[in-house]
Amino acid sequence: MVREAHVDDVPATVDVYIAVAAERQWIGGELPIDRDERIERFSATVAAGDGQMWVAEADGEIVGMISLHPQRGRADLGMAILDAWRGRGIGTAMMEAAIAWARAQGLDKIALYVWPHNERAIKLYEKVGFSGEGYHPKHFRRKNGEAWDAISMGLVLRQD
Ligand SMILES: CC(C)(COP(=O)(O)OP(=O)(O)OC[C@H]1O[C@@H](n2cnc3c(N)ncnc32)[C@H](O)[C@@H]1OP(=O)(O)O)[C@@H](O)C(=O)NCCC(=O)NCCS
């Protein structure tokens, strides 16, 4: 089940984020992550309505999250699902909730970066209508000193 996140959900969403960051291959975030500081920051964002977040629940636990941070008509998207729950349609369901909200808000587009090796994420984004907008060599430095390439993708929502 996908639903809007409340402030009470923030610790569990931070735990999902940390677990996925620990895999070191899918998201930009890297360990060490200060859990308390992150909870404080996510809670403030949710409470202030600066960003919008949804969670996916399964077996009574939060197993995934997706967030949109709107600015200047564009919403930047981030999402993460625990390893054991991937490939079961949860990402698609969370994405549909986020896109519906962005459309209802009258936003112009949703934008994101993805690593070129993240085939499953790219498949999901293409499936829901995102297009590749650019290939960015050596775009993000990792903590181990490597510089990773990135692909920017966008879903344009307005027609004019
Ligand atoms: C990327 C992620 C959000 C996708 O969510 P998901 O729930 O696993 O994806 P879904 O089950 O909804 O599948 C979406 C599409 O991905 C593709 N897909 C699913 N499993 C796949 C696999 N093992 N390999 C390649 N593509 C796959 C399919 O095209 C699928 O659509 P379909 O089932 O209608 O054919 C999720 O896997 C995840 O959190 N990964 C780690 C964190 C991450 O990569 N975040 C995004 C950073 S940019």
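Does Lys138 count as buried or exposed, and at what relative accessibility? Lys138 counts as exposed, at 61% relative accessibility; buried means under 20% relative accessible area, exposed over 50%, and partly exposed in between, with a 1.4 Å probe and protein chains only.

This is a predicted model, in which local features need pLDDT of at least 70 and side-chain atom pairs count only at pLDDT 80 or more, while totals for chains, interfaces and linings use all residues. Residues are numbered from 1 along each chain as its sequence is written, and side-chain values use heavy atoms, with hydrogens and water left out.

**Backbone features**

Lys138 is found in strand S6. Helices (H or I, at least four residues) and strands (E, at least two) are DSSP runs numbered from the N terminus. The phi angle of Lys138 is near 50 degrees, a positive value in a residue other than glycine. Arg24 also has a positive phi, near 65 degrees. Arg24 sits in the loop between H1 and H2 and is exposed, with a relative accessible area of 56%. Pro32 is placed in the loop between helix H1 (10–22) and helix H2 (35–48). A cis peptide bond, with omega about 0 degrees, joins Leu31 to Pro32.

**The sheet**

An open sheet is formed by 7 strands in the order S1-S2-S3-S4-S5-S7-S6, with mixed pairing; two strands pair if DSSP finds at least two bridges between them. Strand S1 (2–4) and strand S6 (131–141) are the edge strands, each pairing on one side only. On average, neighbouring strands of this sheet are turned by 25 degrees against each other, direction ignored. Axes here are lines fitted to C-alpha atoms, for helices over the stretch in contact, and angles run from 0 to 180 degrees between N-to-C directions.

H3 packs on the sheet and touches S1, strand S2 (52–58), strand S3 (61–71), S4, S5 and S7. The direction of H3 makes about 30 degrees with that of S3. Strand S5 (residues 109–114) pairs with strand S7 (residues 147–156) in the antiparallel sense over 6 bridges. In this pair, Lys109 stands opposite Val156 in S7.

**Arg86**

The loop between strand S4 (74–81) and helix H3 (90–104) holds Arg86. Arg86 counts as buried, at 16% relative accessibility. Leaving aside neighbours within four places in sequence, Arg86 is in contact (heavy atoms within 4.5 Å) with Val20, Glu23, Trp26, Ile81 and Arg120. With Glu23 there is a polar contact between the two side chains, at 2.5 Å. A polar contact is a pair of N or O atoms within 3.5 Å; within protein, one must be able to donate a hydrogen and the other to accept it, and residues adjacent in sequence count only if both atoms are side-chain atoms.

**The ligand**

There are 22 residues around the ligand, and Ile81, Gly89, Gly91, Thr92 and Asn118 come nearest; a residue is near a molecule if one of its heavy atoms lies within 4 Å of it. S4, H3, S5 and helix H4 (119–127) each supply at least two residues of this shell. The largest share, 6 residues, comes from H4.

| Residue | Part of residue | Distance |
|---|---|---|
| Arg88 | backbone | 3.1 Å |
| Thr92 | side chain | 2.5 Å |
| Asn118 | side chain | 2.7 Å |

Taken alone, the ligand exposes 930 Å², and the protein buries 75% of that. Accessible areas come from the Shrake-Rupley method with a 1.4 Å probe; for residues, only the protein chains shown count as cover.
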